[in-house]
Amino acid sequence: MKKIIVLIVAIMTIGMFTPAIRSNAQNGFVSIFITPSSEVQQGRTSILQVMGPNIEKVTATFAGRRFDLYRTNVGNWAGLLAVDMDATLGANTLDIYYWTDENQEPQVISQQIVVLPGGFDFQDIPLPYDLEPLLDPELNEYDFQSIERVHMRQTREIFFTTFQQPIPGPSISSFGGFRSYNNGVLTGRHTGIDYRAVIGTAVTAAANGRVVFAQYLPIHGNHIIIDHGWGILTGYSHLSEISVVPGELVYQGQTIGLSGATGRVQGPHLHFEVAVNGSWVDGSQFLTLEIPLPAIN
Ligand SMILES: [Zn+2]
């Protein structure tokens, strides 16, 4: 009886997102839901849910990236459909592979997802002369590669519940902006969002997780990355102090360091980045997502 009630509640909950429902034409038994919208913007994240009887495992690929889905507390399968800021505009194929018997070949459902422009702004960044060596492309590549290696993790260990802002106060720079430093000496993209913060403000973990990176990088300065499981990672840059070590488990709201102005900065602030399945996504939108709770094993 309890199970039936849970199922009814689950169906009702999903029913509230009716506009986002895409039923599956190839297989009448498996349903797919994409919320908050099945039209997605570059740099944004949607929740993909798969519902059907006797499913034992689900993985998906979208725009060349593979990601696994986890079992939710109401028996669906959920995963984060992260759209890269450089994703090709227009229709992209989402392939969903599901197993009703893990020893057999999976069944595949394909669906077209429309990617809309991210609406990113252009940011002209004047850097003081003494920081100009930090515009060296090789140094930037080193920084990028160090972080990218960590981003490819997909730990099957669920820590997250919801995510919260890592520092109080307003954001001062948005995600994904096309940046030009010192009139084009270097160009790049803004991979996170910036919060105003005087040096020494406590920076807290956005959700439960495990510290997987805590060291100085030339551009990001003192940088921490937390792995929240299932392809979700958060990064915290330009810290004046790091108070955690790799391998350490942290809980949501725990102080992990102090804000600062290390690395390539115009002034003190916290740069906060979110990576999902290897793609940087807009942290401000990610923080508002209603992520289905994982099943308790
Ligand atoms: Zn930033």
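1. Ground rules. This is a predicted model, with residues numbered from 1 along each chain as its sequence is written; local features need pLDDT of at least 70, side-chain atom pairs count only at pLDDT 80 or more, and totals for chains, interfaces and linings use all residues. Side-chain values use heavy atoms, with hydrogens and water left out.

2. How much the domains touch. Contact here means heavy atoms within 4.5 Å, and on that basis 15 residues of domain 1 meet 20 residues of domain 2. The size of an interface is often given as the accessible area lost when the parts come together. Domain 1 and domain 2 bury about 1,600 Å² between them, with 54% of it on carbon and sulfur atoms (buried area is the accessible area, 1.4 Å probe, that two parts lose on being put together, summed over both). Have a look at R65, Y70 and M85: they supply 35% of the area that domain 1 buries against domain 2, more than any other three residues.

3. Two salt bridges are counted between domain 1 and domain 2, a salt bridge being a side-chain nitrogen of Lys or Arg within 4 Å of a carboxyl oxygen of Asp or Glu. R44 forms a salt bridge with D282, and the closest N and O atoms are 3.9 Å apart.

4. Who makes up the domain 1 side. β6 gives the most, with four residues.

5. Two loop residues tucked in. Q254 is in the loop between β21 (249-250) and β22 (255-258). Q254 is buried, at a relative accessible area of 14% (buried means under 20%, exposed over 50%, partly exposed in between; 1.4 Å probe, protein chains only). Not counting residues up to four places away in sequence, Q254 touches V203, T204, A205, E248 and L249. P218 sits in the loop between β17 (209-217) and β18 (221-229) and is also buried, with a relative accessible area of 14%. Leaving aside neighbours within four places in sequence, the contacts of P218 are L134, L139, Y142, D143, G263 and R264. P218 and Q145 are 73 residues apart in sequence and 12 Å apart in space, C-alpha to C-alpha.

6. Backbone spots to check by eye. Most residues other than glycine have a negative phi, and most peptide bonds are trans. T35 and P36 are joined by a cis peptide bond, with omega about 0°; P36 is in the loop between β2 (31-35) and β3 (39-41).

7. Positive phi outside glycine. N183 has a positive phi of about 55° although it is not a glycine. N183 lies in the loop between β13 (178-181) and β14 (186-189) and counts as exposed, at 73% relative accessibility. W230 has a positive phi of about 55° as well, and is not a glycine either. The place of W230 is the loop between β18 and β19 (232-239), and at 12% relative accessibility W230 counts as buried.
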